[in-house]
Amino acid sequence: MATNIDSKEIVKQVTDRIAESYPDMDREHISSLASEELDKISSARVTDYFTVLTERAVRSRLKG
């Protein structure tokens, strides 16, 4: 069952965690990537793992 998600909070959490690993990376860039990746999965019915899935996708893009 889907629950309401707080997109801003997910983006903030992902940005904060990734910024720790990439201190020289612009936080706005990380935040933008997080927003893009979250948008890709936002229509999913199960939202329990949005934060971790978004973080993984952003880390993958930064490495890639």
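In this predicted model, the side chains of lysine 12 and aspartate 16 form a salt bridge, with an N to O distance of 2.8 Å. Both residues belong to helix 1, and because they lie four residues apart there, about one helical turn separates them. Lysine 12 has a relative accessibility of 46% and therefore counts as partly exposed. Aspartate 16 also falls in the partly exposed class, because its relative accessibility is 25%, and the cut-off for buried is under 20%.

Aspartate 16 has a further partner: its side chain meets that of arginine 27 in a salt bridge of 2.5 Å, N to O. This pair links distant parts of the chain, with aspartate 16 in helix 1 and arginine 27 in helix 2, 11 residues apart. Arginine 27 counts as partly exposed because its relative accessibility is 42%.

Helix 1 is also tied to helix 3, which spans residues 50-63, through arginine 17 and glutamate 55. The side chains of these two residues form a salt bridge at 2.7 Å, N to O, and the partners are 38 residues apart in the chain. Glutamate 55, at 13% relative accessibility, counts as buried, whereas arginine 17, at 35%, counts as partly exposed.

| Salt bridge | N to O distance |
|---|---|
| Lysine 12 and aspartate 16 | 2.8 Å |
| Aspartate 16 and arginine 27 | 2.5 Å |
| Glutamate 55 and arginine 17 | 2.7 Å |

The structure holds seven salt bridges in total. Elsewhere, salt bridges with shared partners connect Glu36, Glu37, Lys40 and Arg61 in one network.

Helix 1 covers residues 7-21 and helix 2 covers residues 27-41; they pack at an angle of about 130 degrees, and their axes are 9 Å apart. The two helices are therefore oblique to each other, since an angle has to be over 145 degrees to count as roughly antiparallel. Their crossing is right-handed.

On the helix 1 side, the contact involves Ser7, Ile10, Val11, Val14, Thr15, Asp16, Ile18 and Ala19. These residues meet Arg27, Ile30, Ser31, Ala34, Ser35 and Leu38 of helix 2. By class, the contact residues comprise eight nonpolar, four polar and two charged.

Definitions and conventions: Residues numbered from 1 in each chain as written. Predicted model: local features only at pLDDT ≥ 70, side-chain atom pairs only at ≥ 80, totals over all residues. Heavy atoms only, no water. Axes fitted to C-alpha atoms, helices over the stretch in contact; angles between N-to-C directions. Parallel < 35°, antiparallel > 145°, perpendicular 65-115°, else oblique. Left-handed = near helix turned anticlockwise from the far one by under 90°. Contact = heavy atoms within 4.5 Å. Nonpolar A, V, L, I, M, F, W, Y, C, P; charged D, E, K, R; others polar. Salt bridge = Lys/Arg side-chain N within 4 Å of Asp/Glu carboxyl O. Buried < 20%, exposed > 50% of the residue type's maximum accessible area, 1.4 Å probe, protein only.
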